[in-house]
Each structure stands twice: as C-alpha cells, then as structure tokens.
Amino acid sequence: MEINFTWVSETVLAIKTDFLFKTRLLPTHVFVLKTDTGLILFDTGSPGNGDMILKSIKAAGLEPKTIKAICLSHWHSDHTGSLAEITERLCLDQNLDIFIGQADLPLLMDQRSLLLRFHPFLKLPVPHSPGRLPNSLSARFFPLNPTGCEILHHKYSIKAIATPGHTPGHTAYLHQKTGSLFSGCALSLLTPNLVGLVPIFHNRTEQIRSGEYLAGMNFRYLFPVHMFLRFDEIPLERRRPISGKKGLVSKLMGDHLFFHIS
Ligand SMILES: [Zn+2]
Ligand SMILES: [Zn+2]
C-alpha cells in the first residue's frame with residue numbers, strides 16, 4: 001500500500017488508509033499529533049496498514065520510535081485493525097500507552113465478532129470484528145472511565161471525552177493546547193461543509209446526545225476518522241446550526257446533521 005499523508009495543521013498529520021474491501025471508498029484516517037514529549041497516534045486504521053502508517057510517519061519527517069501513546073476512539077477493526085502491527089513493529093524499550101473507553105476494552109479483548117446497527121430506522125445488522133490484540137510486552141491498556149481520564153490529561157495535555165453511542169465506550173480526544181478535536185466516529189464531516197453523524201451505531205439516542213455535546217464544544221480544529229477532512233479552524237462562530245427540512249437523500253440515509261460551516 002502506498003504512502004499517503006497530509007499535514008492538516010501545524011502539528012497534526014493525517015494518514016489515509018484503505019477500508020471497505022481494500023479500497024478507499026470510505027476514506028479512513030489515522031492522525032499523528034506532534035507534541036513536545038513525542039508523538040501520539042489517534043486510531044490505527046484497518047488491518048494491513050501498519051507498515052504504511054509507520055513509513056508515512058517517517059516520510060513526513062517524524063520518528064516512529066517517539067510514539068508515546070495510541071488513543072483509540074473505539075473497538076471496531078477499521079480503528080484498531082493495525083494496532084498490533086504498529087506496536088509489534090516498533091519494539092519499544094518502554095511500553096506504549098494505549099487508551100480506550102472502559103466499555104470498549106472488553107469488546108476488543110474478547111476478539112469476537114458482534115452485530116452493529118446500520119441506519120436509524122431500518123437498524124440493519126452488520127457483523128463486525130475487532131482488530132488483533134498486540135502481545136502484552138509491547139503495549140499496556142488504560143481503560144478510560146466514562147467521565148474522562150486524568151492520567152491522559154496531565155501527561156499528554158489531552159482530555160478524553162466519553163462519547164458513547166457509536167459503541168458503548170466510544171471516546172473523543174481533545175488536545176487542549178491546539179484545540180484539536182479527534183472525534184473518531186462521534187462527529188463526522190459528511191461533506192466538506194456539513195457536520196453530522198455516521199448512520200452506524202450501538203445506541204442511536206446516546207450517539208445523538210454525544211454528537212450534540214461535541215458540536216457545541218469550543219474546539220478549533222475538527223479531525224474525524226472517516227469521510228472528509230478540513231485544514232482550517234472552525235470555531236463556534238463559524239458553525240451554523242442545521243434547521244428546516246432535510247433533503248431526500250439525507251432522509252433516506254437517516255442522516256443526523258448538526259451544523260454547516262460558513
Ligand atoms: Zn466504528
Ligand atoms: Zn469506522
């Protein structure tokens with residue numbers, strides 16, 4: 001797989017990985033944050049992307065061996081798929097810290113396929129499996145409690161935000177210094193100017209509540225895993241709440257929209 005990276009801000013690198021039958025039909029990104037104390041990865045893409053991710057980091061002028069932590073948004077394989085490949089290839093002297101929502105950790109540990117729900121009304125079942133677990137020598141897991149995590153906050157200047165709904169333990173991460181919100185699947189750019197929810201969920205009511213909370217937060221940059229990316233700041237004053245009727249395509253897809261970016 002080819003190297004494919006873009007700097008989306010001064011400190012954040014986006015690496016595009018393949019997903020959906022080894023295609024790029026549903027763009028899926030891994031983000032790398034440059035901090036004074038090392039690199040932090042947000043999600044790891046689907047299986048088979050480990051090498052490409054590490055090569056992309058090097059090609060961008062960064063050193064993969066300085067990766068200190070991996071922040072997982074949730075257990076799904078398009079987010080945890082290359083976790084084992086990355087941690088095992090790095091062979092760090094010091095263990096990597098891997099953060100994941102408390103309710104999602106057992107779902108990753110179980111290594112079993114589960115059913116997701118697709119479409120808010122049809123609720124079509126979709127089987128999905130977690131990514132392979134790294135060996136215990138190369139990684140240690142920190143389950144995040146449902147109200148956030150102090151260790152992560154103090155050590156890395158990152159606030160973990162419990163955003164259940166897409167999965168029970170879905171977590172978004174805010175890098176406070178740069179105002180960068182790594183929203184996972186809790187908030188997505190459905191078009192370059194339209195922010196809403198992906199139609200896959202564990203609990204739609206919670207997913208909407210979590211998305212609403214993030215949409216109203218005072219972040220500067222939004223970095224969702226799937227679909228579109230933006231490079232500019234989108235502070236509260238640039239967000240226009242969605243009102244009025246939805247378009248036909250939007251209705252059929254069961255989209256839930258939060259705001260337009262002006
Ligand atoms: Zn997911
Ligand atoms: Zn996903």
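Hi everyone, let me start with helix 1, whose buried residues are Gly50, Met52, Ile53, Leu54, Ser56 and Ile57. Buried here means under 20% relative accessible area, exposed means over 50%, and partly exposed is in between, using a 1.4 Å probe and protein chains only. Helices (H or I, at least four residues) and strands (E, at least two) are DSSP runs, numbered from the N terminus.

A quick word on the source: this is a predicted model, where local features need pLDDT of at least 70, side-chain atom pairs count only at pLDDT 80 or more, and totals for chains, interfaces and linings use all residues. Residues are numbered from 1 along each chain as its sequence is written, chains are lettered from A and ligands numbered from 1 in the order in which they are written, and side-chain values use heavy atoms, with hydrogens and water left out.

Back to helix 1. What do its buried residues pack against? The partners are strand 1 (5-7), strand 2 (12-17), strand 3 (28-35), strand 4 (38-42), strand 5 and helix 3. Contact, by the way, means heavy atoms within 4.5 Å.

Let's look at that helix pair. Helix 1 (residues 50-59) and helix 3 (residues 83-90) pack at an angle of about 55 degrees, and their axes are 8 Å apart. The axes are lines fitted to C-alpha atoms, for helices over the stretch in contact, and the angles run from 0 to 180 degrees between N-to-C directions. Helix 1 and helix 3 are therefore oblique to each other; under 35 degrees would count as roughly parallel, over 145 as roughly antiparallel, 65 to 115 as roughly perpendicular, and the rest is oblique.

Which residues meet there? From helix 1 we have Gly50, Asp51, Ile53 and Leu54, and from helix 3 Glu85, Ile86, Arg89 and Leu90. The residues of this contact divide into four nonpolar, one polar and three charged. In this count Ala, Val, Leu, Ile, Met, Phe, Trp, Tyr, Cys and Pro are nonpolar, Asp, Glu, Lys and Arg are charged, and the others, Gly among them, are polar.

Ala59 also lies in helix 1, and at 46% relative accessibility Ala59 counts as partly exposed. Leaving aside neighbours within four places in sequence, Ala59 is in contact with Ile3 and Phe5. After helix 1 comes Gly61, with a positive phi near 90 degrees.

Now for the metals. Which residues coordinate the zinc ion (ligand 1)? They are His74 (NE2), His76 (ND1) and His166 (NE2), at 2.0 to 2.2 Å. Donors are N, O and S atoms within 2.8 Å of the metal (3.2 Å for Na, K and Ca), and water is not among the atoms, so sites may look incomplete. Along the sequence, the donor residues of ligand 1 are spaced H-x1-H-x89-H. His74 sits in the loop between strand 5 (67-71) and helix 2 (77-80), and His166 in the loop between strand 10 (158-162) and strand 11 (171-175), so the pair ties together parts that are 92 residues apart in sequence. His74 is buried, with a relative accessible area of 0%, and His166 counts as buried at 6%.

The zinc ion (ligand 2) is coordinated by Asp78 (OD), His79 (NE2) and His226 (NE2), at 2.0 to 2.2 Å. Its donors follow the spacing D-H-x146-H along the chain. Asp78 and His79 are both buried. And how far apart are the two zinc ions? They are 3.5 Å apart.
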